[in-house]
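Subject: Structure for your review

Dear colleague,

Please find below the structure that I am handing over to you.

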Amino acid sequence: MAGMVEAGHGDRLLLGLDLGQRDYFRAYGGGPGLTYMMGTFVPRLRRRISDAAVHAVLVTNAARAFALSRQ
């Protein structure tokens, strides 16, 4: 992801997980799930790219991608 940010594509990146099956949830013995993403992956990401870039990926870009447009 750092390479994509450095190449100027940070405003187009999103981060997510596929949690579509019951077996993926920790309550059913699955993983790694959101706990890993937010507790391990994001801190590692913060060490490689700026806090502003992480905020863009997790908040700004997602808000723009999922915004409803009025027509």
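Accessible areas come from the Shrake-Rupley method with a 1.4 Å probe. On that basis, the chain exposes about 5,500 Å², and carbon and sulfur atoms supply 54% of this area. Please keep in mind throughout that this is a predicted model.

Overall composition

The chain has 71 residues, of which 21% count as buried. Its secondary structure comes to 3 helices and 0 strands, and from the N terminus on the elements run α-α-α. Among the contacts in the chain with a separation of 6 or more, 45% are accounted for by residues 24 or more positions apart.

The packing of α2 and α3

Two packed helices are described by the angle between their axes and the distance between the axes. Helix α2 covers residues 33-48 and helix α3 covers residues 51-65. They pack at an angle of about 135°, and their axes are 9 Å apart. That angle makes α2 oblique to α3.

Which residues bring α2 and α3 together? On the side of α2 they are Met 38, Val 42, Leu 45 and Arg 46; these meet Asp 51, Val 54 and Leu 58 in α3. The residues of this contact divide into 5 nonpolar, no polar and 2 charged.

The largest nonpolar core

The largest nonpolar core is made up of 6 residues in all: Ala 2, Val 42, Leu 45, Ile 49, Ala 53 and Val 54. Helices α2 and α3 each supply at least two residues of this core. Ile 49, one of the core residues, touches Ala 2, Val 5 and Val 54, not counting residues up to four places away in sequence.

Ala 2 has its place in helix α1. Is Ala 2 buried or exposed? Its relative accessibility is 12%, so Ala 2 counts as buried. Leaving aside neighbours within four places in sequence, Ala 2 is in contact with Arg 48 and Ile 49. The C-alpha atoms of Ala 2 and Ser 50 are separated by 9.4 Å, although these residues are 48 residues apart along the chain.

Val 5 is also found in helix α1, which covers residues 2-6. With a relative accessible area of 22%, Val 5 is partly exposed; the cut-off for buried is under 20%. Leaving aside neighbours within four places in sequence, Val 5 is in contact with Gly 10, Leu 13, Ile 49 and Ala 53. Val 5 and Ile 49 are 44 residues apart along the chain, and their C-alpha atoms are separated by 7.7 Å.

Two further buried residues

Gly 33 is found in helix α2. Gly 33 counts as buried because its relative accessibility is 8%. Between the C-alpha atoms of Gly 33 and Leu 17 the separation is 7.2 Å, and the two residues lie 16 residues apart along the chain.

Asn 61 has its place in helix α3. At 4% relative accessibility, Asn 61 counts as buried. Which residues does Asn 61 touch, not counting residues up to four places away in sequence? They are Gly 10, Asp 11, Arg 12, Leu 13, Leu 14 and Ala 56.

In summary, the chain comes to 3 helices and 0 strands, α2 and α3 pack at an angle of about 135°, and the largest nonpolar core has 6 residues.

Yours sincerely,
A colleague

Note on methods: Residues are numbered from 1 along each chain as its sequence is written. This is a predicted model: local features need pLDDT of at least 70, side-chain atom pairs count only at pLDDT 80 or more; totals for chains, interfaces and linings use all residues. Side-chain values use heavy atoms; hydrogens and water are left out. Axes are lines fitted to C-alpha atoms, for helices over the stretch in contact, and angles run from 0 to 180 degrees between N-to-C directions. Helices (H or I, at least four residues) and strands (E, at least two) are DSSP runs, numbered from the N terminus. Angles under 35 degrees count as roughly parallel, over 145 as roughly antiparallel, 65 to 115 as roughly perpendicular and the rest as oblique. Contact means heavy atoms within 4.5 Å. Ala, Val, Leu, Ile, Met, Phe, Trp, Tyr, Cys and Pro count as nonpolar, Asp, Glu, Lys and Arg as charged, and the others, Gly among them, as polar. A nonpolar core is a set of buried Ala, Val, Leu, Ile, Met, Phe, Trp, Tyr and Cys residues joined through side-chain atoms within 4.5 Å. Buried means under 20% relative accessible area, exposed over 50%, partly exposed in between (1.4 Å probe, protein chains only).
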